[in-house]
Amino acid sequence: MIRSILGGVILVMGVLGLFLLSNPEEKSVWVVRGNMQKEPLEIVLGRYFCSENRVPILELHNTAQAVKPNGETYFFADVGSLFLWLDRQKEKEEMTLWVYTQDTERYVPAQGAWYSRIDVTPMGYGFGAYEFHIYGLADYYYEEVQQLALRGETLWYPMVRQLLVENRL
């Protein structure tokens with residue numbers, strides 16, 4: 001009994017210590033307002049969070065950004081997350097979309113990028129963006145990949161994953 005009480009006290013002290021040591025200036029960022037230039041913003045890794053999956057963005061690869069007409073910028077840890085979030089938005093046609101490319105390691109307009117379906121991505125959808133066409137890897141257009149994501153034809157679906165791995169799809 002004493003061990004369980006001591007363990008509980010240590011746990012509470014640990015949580016309280018983490019809370020007190022955290023810097024209140026460093027707040028989580030979910031949305032940035034005022035981006036009227038509609039350019040991709042610099043992401044602070046670990047501080048910015050995915051608007052769809054509510055996870056921290058820990059690397060730039062496979063990230064995406066959506067800028068609404070009013071200048072609100074939303075961030076995504078995975079390109080597949082962008083597609084799912086975008087489907088629920090009313091003003092999707094007026095948004096400016098950016099994806100971080102695997103080949104040139106910079107943000108490019110999502111509609112002009114090429115896409116792969118077999119990349120290792122944070123949320124496991126498998127959609128990797130590329131600025132340049134790479135035969136046999138980045139063979140898909142924006143509209144194709146968007147439809148695949150909305151239909152659930154991602155690496156999460158076992159049959160699709162098997163067919164993609166075997167290069168039969």
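Author: Let's start with a word we'll need: buried means under 20% relative accessible area, exposed means over 50%, and partly exposed is in between (1.4 Å probe, protein chains only). Helices (H or I, at least four residues) and strands (E, at least two) are DSSP runs, numbered from the N terminus. By the way, this is a predicted model, where local features need pLDDT of at least 70, side-chain atom pairs count only at pLDDT 80 or more, and totals for chains, interfaces and linings use all residues. Residues are numbered from 1 along each chain as its sequence is written, and side-chain values use heavy atoms, with hydrogens and water left out.

Reader: Which residues are buried in helix H4, and what makes them line one face of the helix?

Author: In H4 (residues 158-165), they are Val160, Leu163 and Leu164. Looking down the axis of H4, the buried residues fall within an arc of 100°, so they line one face. That arc is taken from the directions from the helix axis to the C-beta atoms.

Reader: Why is asparagine 62 called buried?

Author: Its relative accessibility is 2%, and the limit for buried is under 20%. So asparagine 62 counts as buried. Asparagine 62 sits in the loop between S1 and S2, and its phi is positive, near 75°.

Reader: What makes H2 largely enclosed by the rest of the structure?

Author: 7 of the 9 residues of H2 are buried, so that's the reason. They are Val79, Gly80, Ser81, Leu82, Phe83, Trp85 and Leu86. These buried residues pack against S2, S3, S4, strand S6 (114-116) and H3.

Reader: How do you know that H2 and H3 are roughly perpendicular?

Author: They pack at an angle of about 75°, with their axes 9 Å apart. Axes are lines fitted to C-alpha atoms, for helices over the stretch in contact, and angles run from 0 to 180 degrees between N-to-C directions. Under 35 degrees is roughly parallel, over 145 roughly antiparallel, 65 to 115 roughly perpendicular, and the rest oblique. H2 and H3 are therefore roughly perpendicular to each other.

Reader: Which residues of H2 meet H3?

Author: Phe83, Leu84, Leu86 and Asp87 in H2 meet Tyr142, Val145, Gln146, Ala149 and Leu150 in H3; contact means heavy atoms within 4.5 Å.
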